[in-house]
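Visitor: I have some time for this model today. Could you walk me through it with a few questions?
Guide: Gladly, let us look together.

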Amino acid sequence: MSKGIFISLEGVDGSGKTSLKEEILNHLTGYQPLSLREPGGTEISEKIRNILLDTSNEDMQSRTEAFLYASARCQLVEAVIRPALQQGQLIVVDRYIDSTLAYQGYGRGLPLDFIRELNQLSTGGLKPDLTLLLDLDPQEGARRRAGDIPDRLEQEGLLFQSRVRDGYLQIAQAEPQRVRILDAHQPLATVVSHARQEIEKLLASRGWR
Ligand code: TYD
């Protein structure tokens, strides 16, 4: 087991991951947490991010998309996450392997086994200690994002986002130990309090508290 602690945040677009992440980072400030996002977090991964989210890349094939997310992640895991965990750091990442299963698998309809294999290959099997899933009706997510300029994935519409949401719920059902569902329809303060409880349990189980 690595010395560090690895927490990921997941959810459909507009589910409030960014606000939750800020609150979690404040709560954990004594541990000097490392804050990352996917796709991104390294110079190369941020370049791949630009390709992925660019709305002019209309012709991008689903498998190309999946490989690009995997490449961005591989770079982040090898260059940043694994070394940081070995040094005993606490990492909070906005999106990780479950995004690829939910978006490219359930959302795009690529075979789930293909995505699982891709996730395994791009991370060497590294999974978070805890994944907080912000569950939200995509219609509410769209309302919350109203006024923002949508990126390429956000342009996919409500049916796509619904498949992603259902996918996330299935992932949570399959791995209840790792993936905790937070009801993102609740006020942020309630969601944050639930998230803190889950994190505190994890820290205690690792002897950090
Ligand atoms: P981003 O602006 O970071 O969205 P958010 O703030 O909601 O996290 O854009 C990331 C987009 O990429 C988001 O729409 C989800 C999508 N995505 C995938 O489709 N597959 C993946 O593996 C990852 C990491 C993200």
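Visitor: Where is the place of Pro39?
Guide: This is a predicted model, and in it Pro39 is joined to Glu38 by a cis peptide bond. Most peptide bonds are trans. As for its place, Pro39 sits in the loop between strand 2 and helix 2 (43-53).

Visitor: And what is omega for the bond that joins Glu38 and Pro39?
Guide: The peptide bond there is cis. Its omega is about -10°.

Visitor: Which loop holds Gln32, and is Gln32 buried or exposed?
Guide: Gln32 belongs to the loop between helix 1 and strand 2. Its phi is positive, near 50°, although Gln32 is a residue other than glycine. Exposed means over 50% relative accessible area. Gln32 has 64% relative accessibility, so the word for Gln32 is exposed.

Visitor: Arg95 has a positive phi too; is Arg95 buried or exposed?
Guide: Arg95 lies in the loop between strand 3 and helix 4, with a phi of about 80°. Buried means under 20% relative accessible area. Arg95 has a relative accessible area of 12%, so Arg95 is buried.

Visitor: Let us turn to helix 1. Within what arc do its buried residues fall?
Guide: The buried residues of helix 1 are Lys17, Leu20, Lys21, Ile24 and Leu25. An α-helix has 3.6 residues a turn, so residues three or four places apart point the same way. Seen down the axis of helix 1, the buried residues line one face, because they fall within an arc of 135°.

Visitor: Which residues are exposed on the other side of helix 1, and what covers the buried ones?
Guide: The cover over the buried residues includes strand 1, strand 2 (34-37), strand 3 (90-94), strand 4 (130-135), strand 5 (179-183) and helix 8 (188-205). On the other side of helix 1, the exposed residues are Glu22 and Asn26.

Visitor: Which residues is Leu20 in contact with, leaving aside its neighbours within four places in sequence?
Guide: Leu20 is placed in helix 1, and at 0% relative accessibility it counts as buried. With those sequence neighbours left aside, the contacts of Leu20 are Leu9, Leu134, Leu182, Leu188, Val191, Val192 and Ala195.

Visitor: How many Å apart in space are Leu20 and Leu112?
Guide: In sequence, Leu20 and Leu112 are 92 residues apart. In space, C-alpha to C-alpha, the separation is 28 Å.

Visitor: Which backbone oxygen does the side chain of Ser15 reach?
Guide: Ser15 is in the loop between strand 1 (5-11) and helix 1 (17-27). Ser15 is buried, with a relative accessible area of 4%. Leaving aside its neighbours within four places in sequence, Ser15 is in contact with Leu134, Leu136, Arg144 and Ala184. Its side chain reaches, at 2.7 Å, the backbone oxygen of Val12.

Visitor: On to helix 5. Within what arc do its buried residues fall?
Guide: Ile115, Leu118, Asn119, Ser122 and Thr123 are the buried residues of helix 5. They line one face of the helix, because seen down its axis they fall within an arc of 110°.

Visitor: Which helices are included in what covers that buried side?
Guide: On the other side of helix 5, Asp113 and Leu121 are exposed. The cover over the buried residues of helix 5 includes helix 3 (62-86) and helix 4 (97-107).

Visitor: How far does helix 5 reach, and what follows it?
Guide: Helix 5 (residues 112-123) has 12 residues, and at 1.5 Å a residue 16 Å is expected. From first C-alpha to last, helix 5 reaches 17 Å, close to that value. The residue that follows helix 5 has a positive phi, near 65°, and is Gly124.

Visitor: Stepping back, what pattern does the protein chain follow along the sequence?
Guide: The protein chain has eight helices and five strands. Read along the sequence, their pattern is β-α-β-α-α-β-α-α-β-α-α-β-α.

Visitor: What radius of gyration does the protein chain have?
Guide: Buried residues make up 47% of the 209 residues, and the C-alpha atoms fill a box of roughly 50 × 35 × 30 Å along the principal axes. A compact globule with 209 residues would have a radius of gyration near 17 Å. The protein chain agrees with that, at 16 Å.

Note on methods. Residues are numbered from 1 along each chain as its sequence is written. This is a predicted model: local features need pLDDT of at least 70, side-chain atom pairs count only at pLDDT 80 or more; totals for chains, interfaces and linings use all residues. Side-chain values use heavy atoms; hydrogens and water are left out. Helices (H or I, at least four residues) and strands (E, at least two) are DSSP runs, numbered from the N terminus. The expected span of a helix is 1.5 Å times one less than its number of residues. Buried means under 20% relative accessible area, exposed over 50%, partly exposed in between (1.4 Å probe, protein chains only). The arc is that of the directions from the helix axis to the C-beta atoms. Contact means heavy atoms within 4.5 Å. A polar contact is a pair of N or O atoms within 3.5 Å; within protein, one must be able to donate a hydrogen and the other to accept it, and residues adjacent in sequence count only if both atoms are side-chain atoms. The radius of gyration is taken over C-alpha atoms; the globule rule is 2.2 Å times the number of residues to the power 0.38.
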